[in-house]
Amino acid sequence: MRNIAIIVGRELTAYFATPLAYIFIVIFLVLAGLLTFFVGNFFARGQADLQPFFTFHPWLYLVLIPALSMRLWAEERKSGTIELFLTLPIRLYEAVLGKFLAAWIFAGIALALTFPMWLTVNFLGNPDNGVIVGSYFASWLMSGAILALGAAVSAATKNQVIAFVVTAAIAFVFIVAGTPVVLGLFQGWAPDRLIRAVAAASVFGHFSAITRGVIEVPDLVYFISIIAALLAANAILVDLKKAD
Amino acid sequence: MLEIRNLVKRFGPLVAVDDVSFTVPKGEVLGFLGPNGAGKSTTMKMITGFLAPTAGTALICGHDIQEKPIAAKRCIGYLPEGAPAYPDMTPAEFLDFVSHIRGMSGKEARRRIEHAVELIHIGEVLHQPIDTLSKGFRRRVGVAQALLHDPEVLILDEPTDGLDPNQKYEMRKIITAMAPEKAIVISTHLLEEVEAVCSRAIIIARGRILLDGTPAELYARSRYHNAVRLGVPLGADARVTAVLAALPEVATVEEVDDGEGHALLVFPASARPLAPVIAELARAENWRLTTLRVERGRLDDVFRAVTAAQAA
């Protein structure tokens, strides 16, 4: 535990030691605002909720989270610090968890800084704050799933650009799998079971289920098991590829 | 303190390290020599637990690096090849991080960091990002990191690479000063370094140990070992060569023209010292010698002979 905390601390400091953290947060906030107010028609809808804000999160994360995760292992491998890092008296899972948690906490900080949005709806009307809290939680879980994916991909390459592109591509598949457009493609010819399987595998489906206001066990299990499986893959990839 | 047992590492069909075994007791500084790609770094990576060996293992203070990696890693201070360090951190932050991971905290961590900083002389750059440091300072930060927890075993992969002559001298002094308390392995391709700091040297090429001995034993293997260098006036060499070549103690006489000028190298036929014989002869024959010196031998010569024989 102590080692994980130390690694999280180092990683978080590293984020804020470069402009990366500030650029990321600013762009995240600006994009989140633009999408909510201009694309999501926040005012025209006339409803005091944050639905237009959360709807765009999968797409926002699709672009921004891989930028956060791409450096996690690729940078260590490129600069050779991985050799220093992994010959310190720590266990591999501590290294993997520490790096992931730091990125996840950072994503949480960026997300938390959208709080003026929440203040705004409360000022304008009487939103269901329970739903909003649940949606924030779902959004954070979703960012964790994409981060875990990005961390695993980052462990497989020395090249951060490759890590970014591959992560975004895989995340895209997982996000769109549950959208009506994609499910429509399967409608009519594919067996129902396949359609349900595609919908069940989709990040989008589970995310929108929670943002509608119901936190159900299967949705939580979905995100947590995805994160756990990807972190395990991350550890295996680090071990396999560290010496290349 | 450090025991390497039959280490083997294969990368596909390539055998990078082939059955390497040696032990390093406390107080010894082992120089690990070899051409590039000989398997020096790969061996060090296996000793420190970064790479898993294909076969064999390493015991560090009695802990098997394979079975008890955490206990073993605690006993090692390691400077990886190229002295990697987090570029965005300052040395102070970096050493802080390593000290915490190494289980130190509070006052103790501060004391150890201060000690290492003072020993390695990195005080002036302590708060500059590592990214902006010169190669020499970066290397020193890497060494400071390896020394932080006062490890019993030190593995330094090219500790003086990229340092200027003064810094090299400093680094060697530091290594020598620590030697009595630790088992130290340094890799290098600078032969002078072996003489300067090592109490024992291993030459490795293509993953195999070719030679294992003290620097003196290495010198003894040189064909120049115990040869006598004679500086003779111009025009006199033919006569001198003829007289010397006739001696039963002399195997051959060669003319050399090197950085030190023109001279004759007289190779002994046996282990008997040649210098007194030649000195006496010179007096009798009334040669006006400018130099008379017994050669110790040349390490680069030994190195080339040993590694070239293996390549053939």
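A residue is buried if 20 or more other C-beta atoms lie within 10 Å of its own, exposed if 12 or fewer, and partly exposed in between, with C-beta atoms placed from the backbone. By that rule, 42% of the 244 residues of chain A count as buried. This is a predicted model: local features need pLDDT of at least 70, side-chain atom pairs count only at pLDDT 80 or more, and totals for chains, interfaces and linings use all residues. Residues are numbered from 1 along each chain as its sequence is written, while chains are lettered from A and ligands numbered from 1 in the order in which they are written.

Start with chain A. It has 14 helices and zero strands. Helices (H or I, at least four residues) and strands (E, at least two) are DSSP runs, numbered from the N terminus. The C-alpha trace of chain A spans about 55 × 45 × 30 Å along its principal axes.

Two residues are in contact if their C-beta atoms, placed from the backbone, lie within 7 Å. Among the contacts in chain A with a separation of 6 or more, 81% join residues 24 or more positions apart.

Now look at helix α13 of chain A, residues 203–211. Its buried residues are A:Val203, A:Phe204, A:His206, A:Phe207, A:Ile210 and A:Thr211. The elements covering them include α3, α4, α9, α10 and α14 of chain A. Just after α13(A), A:Gly213 takes a positive phi of about 115 degrees.

Next comes the nonpolar core. Such a core is a set of buried Ala, Val, Leu, Ile, Met, Phe, Trp, Tyr and Cys residues joined through C-beta atoms within 7 Å. The largest has 144 residues. Those with the most contacts inside it are A:Phe100, A:Ala145, A:Leu147, A:Ala148 and B:Ala144. Helix α9(A) gives the most to this core, with 14 residues. Apart from it lies another core, of 13 residues, among them B:Ala227 and B:Val250.

Turn to where the chains meet. Here 19 residues of chain A are in contact with 22 residues of chain B. On the side of chain A that touches chain B, α1(A) gives the most, with six residues.

Chain B holds an open sheet of six strands, in the order β6-β7-β8-β3-β9-β10, with mixed pairing. Two strands pair if DSSP finds at least two bridges between them. Strands β6 and β10 of chain B stand at the edges, each with a single partner strand, so one side of each is left without a neighbour in the sheet.

Strand β9(B) is mostly covered: five of its six residues are buried. Five bridges join it to β10(B), and the two run antiparallel. They form a hairpin with two residues between them. In the turn, B:Arg206 has a positive phi of about 50 degrees.
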